[in-house]
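Hello,

Here is the structure I promised to pass on to you. Have a look at it first, and my notes on what turned up follow below.

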Amino acid sequence: NYIERKSLADFVGTLTSKKGKEGSEAKFGFDRFRAELLRARESNSYLVMIVENDINDALGFKYLPQMKFTRSSPDHVFKNLRDLLVEFTNFQALFVKGRKESADIMVKLLGIGNHIKNVDLQYAYENGELN
C-alpha cells in the first residue's frame with residue numbers, strides 16, 4: 001500500500017493534463033499520475049491520495065484566493081478523478097481537513113493494512129470512523 005499526500009494545488013495540478021514540448025516523452029499532471037497508477041496496478045499495489053483540504057474547498061477551489069491563477073475548473077479536475085476511480089480499483093482519494101489531520105490519518109491507514117481496499121475511505125472519514 002502507498003499513500004500520496006497532496007496540497008490542494010498539487011491535487012489540481014496532478015489531475016490536469018499538461019503537455020510537454022513537441023517530441024518530448026515527458027509526462028505531466030494527469031498523464032504522469034495515470035502512469036503511476038498503471039505501475040501500481042501491475043505490481044499489485046494499492047494507492048491512496050490524501051488531499052489536505054476539505055472536500056468542499058476542493059469542489060469550489062476556483063473561489064479560493066490561493067487558487068486564483070488556476071485555469072482548470074473543478075468540473076474538469078473532478079471528471080478526471082472520477083475517470084481514474086472507475087479505471088483503477090487499486091486507488092482511492094481522501095479529502096481531509098489539513099496537514100496535521102493528514103498525518104494522523106496516514107498512521108491509521110497504515111494500521112488498516114490490506115483491508116484498506118475494502119473500506120470507502122471518504123465515507124469512513126466523514127462518519128468519524130478514521131478519527
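Contact here means heavy atoms within 4.5 Å. Please keep in mind that this is a predicted model.

With that cut-off, let me begin at glutamate 4, which is found in strand β1. Leaving aside neighbours within four places in sequence, glutamate 4 is in contact with Arg32, Phe33, Glu36, Leu47, Val48, Met49 and Ile50. Is glutamate 4 buried or exposed? Its relative accessibility is 16%, and buried means under 20%, so glutamate 4 counts as buried. Its side chain also has a polar partner: a contact of 2.7 Å joins it to the side chain of lysine 6.

Next, the sheet. Three strands make it up, in the order β1-β2-β3; the sheet is open and the pairing is parallel. β1 (2-6) and β3 stand at the edges with a single partner strand each, so one side of each has no neighbour in the sheet. On average, neighbouring strands are turned by 20° against each other, direction ignored. Helix α5 (residues 99-112) packs on this sheet and touches β1, β2 and β3. The direction of α5 makes about 175° with that of β1.

The pairing can be followed residue by residue. β1 and β2 are joined in the parallel sense over 5 bridges. Isoleucine 3 has valine 48 of β2 as its bridge partner, and lysine 6 has valine 51 of β2. Another 5 bridges join β2 to β3, and these strands also run parallel. There, valine 48 stands opposite glutamine 92 in β3.

How many of the residues of β2 are buried? The count is 5 of 5, so β2 is largely enclosed by the rest of the structure. As a general point, side chains in a regular strand alternate between the two faces of the sheet. In β2, Leu47, Met49 and Val51 point one way, while Val48 and Ile50 point the other way.

Now to the nonpolar cores. The largest has 22 residues, and the members that touch the most others are Leu8, Phe11, Leu81, Leu84, Phe91 and Phe95. Two or more residues come from each of α1 (8-14), α2 (29-42), β2 (47-51), α4 (74-87) and β3 (91-95). The largest share, 4 residues, is that of α4. Apart from this core lies another, of 12 residues, which includes Val48, Ile105, Ile116 and Leu121. Not counting residues up to four places away in sequence, leucine 81 touches Phe11, Leu15, Phe91, Ala93 and Phe95.

Some of these names return among the aromatic residues. Searching the whole structure gives 4 aromatic pairs. In one of them, phenylalanine 33 and phenylalanine 91 have ring centres 5.5 Å apart and planes at 70°, so the pair is edge-to-face. This pair links distant parts of the chain, with phenylalanine 33 in helix α2 and phenylalanine 91 in strand β3, 58 residues apart. Phenylalanine 33 and phenylalanine 91 are both buried. Separately, Phe11, Phe78 and Phe95 form one aromatic cluster.

Two further residues may interest you. Asparagine 44 lies in the loop between α2 and β2. Although asparagine 44 is not a glycine, it has a positive phi of about 60°. With a relative accessibility of 66%, asparagine 44 counts as exposed.

The other is glutamate 101, in helix α5. Glutamate 101 is partly exposed, with a relative accessible area of 24%. Leaving out residues up to four places away in sequence, glutamate 101 touches Val96, Tyr125 and Asn131. From glutamate 101 to asparagine 53 the C-alpha to C-alpha distance is 9.8 Å, while the two are 48 residues apart in sequence.

Phenylalanine 33 leads on to its ring partner, phenylalanine 91, and valine 48 leads on to glutamine 92 opposite it in β3.

Best wishes

Key
Residues numbered from 1 in each chain as written. Predicted model: local features only at pLDDT ≥ 70, side-chain atom pairs only at ≥ 80, totals over all residues. Heavy atoms only, no water. Core = buried A, V, L, I, M, F, W, Y, C linked by side-chain atoms within 4.5 Å. Buried < 20%, exposed > 50% of the residue type's maximum accessible area, 1.4 Å probe, protein only. Pairing = 2+ DSSP bridges. Axes fitted to C-alpha atoms, helices over the stretch in contact; angles between N-to-C directions. Phe/Tyr/Trp six-rings, centres within 6.5 Å; stacked < 30°, edge-to-face > 60°. Polar contact = N/O pair within 3.5 Å; in protein donor to acceptor, adjacent residues only side chain to side chain.
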